[in-house]
Amino acid sequence: MDKKPIGIYIHVPFCAGKCPYCNFYSVEPEGNLINLYTEAVCKEIKSNLGICAVPVDSIYLGGGTPALIEIKNIDKIINTIYKCFPMCNPEITIELNPSCHSAIDFYELKKIGINRVSLGMQSINQHELNKLGRSHTLSDTEKSIYNLREAGIHNISLDIMAATPNQTEADLLKSLNFCTDNFIPHLSVYLLKIEESTKFFKIKDSLSLPDEDTQAKIYLLADHFLTSHGYKHYEISNFCKNDMESKHNLKYWNCDEYLGIGPSAHSFINGKRFFYKNSLSEFIENPFQISDGSGGSLEEYCMLRLRLKDGLNEKDYKMKFGENIPRIFYERAKKYADLGFICLSEHGISLTPKGFLVSNNLISKLIL
Ligand code: SF4
């Protein structure tokens, strides 16, 4: 059987500063670091050719702040991928800050092949943006959306942060309304999580964060609002219109293979998981992929698939493992289905929005 196309993730580890809630690996782009990084990425793409000579149908440039490496370097990276892999009508996504409309020519972005943009809007409310340490404004988001569409890039995703300090339901609804009014085809709605290595972690007691019940209410409010406006809640944090799912991110949740290049990037290729350390200097001087064991086990597949609205379905499960979903999973799921956390049918098992809220707990109860 022909191998399924893979996705390629490029981690761009540069940010002008550090947002207080963020724990992604990034450094400031000093001196010649951007050129050295770009060369190292292109070299690594070429050196991975041998392990995965398969077609590529998605490229995702994430970060960090990919726009900081400028269009000429983004072009070099995309070109290198095109030279090394057979391409199969790829979705090519770049993450952008809304303020970049003044620094980046979106027509040029389109010209080098970018056909999807994920904008880190987070909120339209200035007081929330201030609290999150973001330097852009609502007007930046509006200009970016307008300019992207003018340039012919219509596949736009907006990030929205929910359950932020002092956020009210009305605040969140304003941001969601903005998205529906502007016909945004894809949204990622994340509940703020306070990660240990962040500035927010150090001051968490003074942040007026919502308690668990309020977080749940806010999450279900977003689900209700967006699904009643025609969005499909296709993954725990992701919503889309008209089959506009992120082709790249679906690979993670479908347990499909992908190659990650750049410091801190993870890969799953030929059944093996591996990653690069969180170190730009090491990536430039001596890039080294650290083994993270085998991937694609039954448990892992179930854990990832149950993040999706479609959940575990008999057809895909049989194709992957050659047998039906174990009966014991259905038996364990029954009581959670009665409580409204799980949907059971002859086609399979999936979580409801209420179930998504406690997904880790539920999934381990079903499969472990
Ligand atoms: S949220 Fe985005 S811009 Fe802010 S530090 Fe993290 S990666 Fe950089």
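Start at the ligand and select what surrounds it: Cys15, Lys18, Cys19, Cys22, Phe24, Ser26, Gly63, Gly64, Thr65 and Gly120. A residue makes that list if its C-beta atom, placed from the backbone, lies within 6 Å of the molecule. Colour this shell by class and you get four nonpolar, five polar and one charged residues. Here Ala, Val, Leu, Ile, Met, Phe, Trp, Tyr, Cys and Pro count as nonpolar, Asp, Glu, Lys and Arg as charged, and the others, Gly among them, as polar.

Two housekeeping notes. Residues are numbered from 1 along each chain as its sequence is written. You're looking at a predicted model, where local features need pLDDT of at least 70 and side-chain atom pairs count only at pLDDT 80 or more, while totals for chains, interfaces and linings use all residues.

Next, select helix H1 (residues 33-47) and helix H2 (residues 70-84), which pack at about 10° with their axes 9 Å apart. The pair is therefore roughly parallel (angles under 35 degrees count as such). To see the contact, show Ile34, Thr38, Val41, Cys42, Ile45 and Lys46 on H1, then Asn73, Lys76, Ile77, Thr80, Ile81 and Cys84 on H2. Contact here asks for C-beta atoms, placed from the backbone, within 7 Å. Seven of these residues are nonpolar, three polar and two charged.

Now zoom out and colour domain 1 (6-252) and domain 2 (311-368), bounds that come from an automatic or database domain assignment. Their C-alpha centres lie 30 Å apart. Where do they touch? Six residues of domain 1 are in contact with four of domain 2, and helix H8 (residues 212-228) brings the largest share of the domain 1 side, four residues.

Conventions:
Axes are lines fitted to C-alpha atoms, for helices over the stretch in contact, and angles run from 0 to 180 degrees between N-to-C directions. Helices (H or I, at least four residues) and strands (E, at least two) are DSSP runs, numbered from the N terminus. Angles under 35 degrees count as roughly parallel, over 145 as roughly antiparallel, 65 to 115 as roughly perpendicular and the rest as oblique. Two residues are in contact if their C-beta atoms, placed from the backbone, lie within 7 Å.
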